[in-house]
Amino acid sequence: MSVSLRLSRGGSKKRPYYKIVASNSRAPRDGKYLEQVGTYNPLLAKDAADRVRLVEDRVRYWLGVGAQPTDRVARLLDKAGIKERAPTNNPKAGEPGKKAKERAEDKAEKAAAAAEAAAAANAPAESAEA
């Protein structure tokens, strides 16, 4: 049985509240779990003391016996100083999509064509004045 440290959702609609639990990785998200090791309330301010509460010795125990934290729980543990998480890097995150690139190219072509047309319209007028 592989154990994971993950979030189990509670609370009402649009008012989430999470338990940080150690559970069988094959169990449903809000189903049976082995032990509750903390809570997470995303509605509180980021600097609030009650936003994330952890039972550190139990978290360290589960990590020691091989429990794998999910990405969100790993972020919370990193912030609490329990387990260091390597930062991720996605260089393509800020890159526009295929359609947006096509629209930008079309816009650049139209702007270049308009500039050429304006230059062509100004050139005969200048030569006629001379």
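This is a predicted model: local features need pLDDT of at least 70, side-chain atom pairs count only at pLDDT 80 or more; totals for chains, interfaces and linings use all residues.
User: Where should I start? Which residues touch the most other members of the largest nonpolar core?

Analyst: Good place to begin! A nonpolar core is a set of buried residues joined through side-chain atoms. Here the largest one has 15 residues, and Leu5, Leu7, Ile20 and Trp62 touch the most other members. Two or more residues each come from β1 (3–12), β2 (15–24), β3 (35–40), α1 (56–64) and α2 (71–80).

User: Now the charges. How many salt bridges does the structure hold?

Analyst: First the general idea: side chains of opposite charge can pair when their charged atoms come close. This structure holds seven salt bridges. One of them joins Arg53 and Asp50, with the closest N and O atoms 2.6 Å apart.

User: Is Asp50 buried, partly exposed or exposed?

Analyst: Asp50 counts as partly exposed, because its relative accessibility is 41%.

User: Which residue does Asp71 pair with, and where do the two sit?

Analyst: Asp71 forms a salt bridge with Arg85, where the closest N and O atoms are 3.6 Å apart. This pair links distant parts of the chain: Asp71 is in helix α2, while Arg85 is in the loop between α2 and α3 (98–129), 14 residues apart. Asp71 has 45% relative accessibility, so Asp71 is partly exposed.

User: Can we look at one more pair?

Analyst: Glu95 and Lys101 meet through their side chains in a salt bridge, at 3.1 Å from N to O. Glu95 is partly exposed at 42% relative accessibility, and Lys101 is partly exposed with a relative accessible area of 37%. Elsewhere, salt bridges that share partners join Asp71, Arg75 and Arg85 into one network.

User: What about Arg6: is its side chain buried or exposed, and what lies around Arg6?

Analyst: Arg6 lies in strand β1. Arg6 is buried yet has no salt bridge. Its nearest side chain of opposite charge, Asp30, is 7.8 Å away, and a salt bridge needs the atoms within 4 Å.

Technical notes:
Residues are numbered from 1 along each chain as its sequence is written. Side-chain values use heavy atoms; hydrogens and water are left out. A nonpolar core is a set of buried Ala, Val, Leu, Ile, Met, Phe, Trp, Tyr and Cys residues joined through side-chain atoms within 4.5 Å. Buried means under 20% relative accessible area, exposed over 50%, partly exposed in between (1.4 Å probe, protein chains only). Helices (H or I, at least four residues) and strands (E, at least two) are DSSP runs, numbered from the N terminus. Lys and Arg count as positive and Asp and Glu as negative; His and the chain ends are not counted.
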